[in-house]
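Look at the sequence and the fold together.

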Amino acid sequence: MNLDGIRVLLVEDNPGDARLFTELVRDAGAGLVQVDRLSAALDRLRREPFDVMLLDLSLPDADGLATLIRAHAEAPKIPIVVLTGHDDEALAVRAVRAGAQDYLVKGRLDGDLLVRSIRYASERGRTIEALERREEHYRSLIENSMDLISILNLDGTIRYVSPSHERMLGYPLDELVGGNALSFVHPQDKSRVQM
């Protein structure tokens with residue numbers, strides 16, 4: 001598997017581990033920058049783009065799950081693969097829930113697994129970014145449309161109304177959302193519109 005064109009930020013303070021991961025990643029064709037502190041990693045992320053961060057959870061300036069949480073909070077768009085010596089399934093689950101794309105244990109890691117994890121994290125990151133751009137595009141279309149666009153539950157509860165409702169009907173949006181669309185139907189016509 002090839003990592004051509006992928007930029008990796010390795011955050012690892014152990015020189016032996018850093019050397020090994022650097023060789024594995026560069027042999028697969030990725031560009032790699034290595035730092036030994038979380039603060040240095042966050043500084044690099046502010047100055048240049050990376051596709052994936054490989055993050056050790058035990059660093060001189062951050063330790064444990066708090067390392068991941070801080071990294072994810074300050075760089076929420078970069079996929080993070082945790083590289084750790086902690087073979088702890090509960091910690092792995094918490095790390096993924098906190099935003100890690102993968103959780104790899106150093107003692108059980110081979111080159112193929114590391115490369116595959118980087119590739120998948122990078123692809124997921126690009127896919128999420130593309131979905132966010134599309135979502136923003138469609139949101140802009142709906143919010144600027146002159147048409148009345150509503151999303152209703154099956155029981156008629158209003159989940160969303162476009163801003164055009166307020167412009168055209170005079171109802172504030174917060175008064176409509178959560179209400180029931182059937183309340184706007186004349187009582188004699190309700191049986192025809194209810195499911």
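A residue is called buried if its relative accessible area is under 20%, exposed if it is over 50%, and partly exposed in between, using a 1.4 Å probe and protein chains only. This is a predicted model, in which local features need pLDDT of at least 70 and side-chain atom pairs count only at pLDDT 80 or more, while totals for chains, interfaces and linings use all residues. Residues are numbered from 1 along each chain as its sequence is written, and side-chain values use heavy atoms, with hydrogens and water left out.

Start with Ser162. Helices (H or I, at least four residues) and strands (E, at least two) are DSSP runs, numbered from the N terminus. Ser162 lies in the loop between strand S9 (158-161) and H6. Is Ser162 buried or exposed? Its relative accessible area is 0%, so Ser162 is buried. Contact means heavy atoms within 4.5 Å. Leaving out residues up to four places away in sequence, Ser162 touches Ile142, Asp147, Leu148, Ile149 and Leu173. The side chain of Ser162 also makes a polar contact with the side chain of Ser164, at 2.7 Å. A polar contact is a pair of N or O atoms within 3.5 Å; within protein, one must be able to donate a hydrogen and the other to accept it, and residues adjacent in sequence count only if both atoms are side-chain atoms.

Next comes strand S6. Five of the five residues of S6 (residues 80-84) are buried. In a regular strand the side chains alternate between the two faces of the sheet. On one side of S6 are Ile80, Val82 and Thr84, on the other Val81 and Leu83, and all are buried.

Two strands pair if DSSP finds at least two bridges between them. Strand S3 (residues 52-56) runs parallel to S6 and is joined to it by four bridges; Leu54 has Val81 as its bridge partner in S6. S6 also pairs with strand S7 (residues 100-105), in the parallel sense, over five bridges. From S6 the chain crosses through helix H4 (residues 89-97) to S7, and this β-α-β crossover is right-handed. Right-handed means that, with the strands pointing away from the viewer, the path from the first strand over the helix to the second runs clockwise.

Last, consider the rings. The structure holds one aromatic pair. Tyr171 and Phe184 form this pair, edge-to-face, with 5.3 Å centre to centre and 80° between the planes. Rings of Phe, Tyr and Trp (its six-membered ring) pair if their centres lie within 6.5 Å; planes under 30 degrees apart count as stacked, over 60 as edge-to-face and the rest as tilted.
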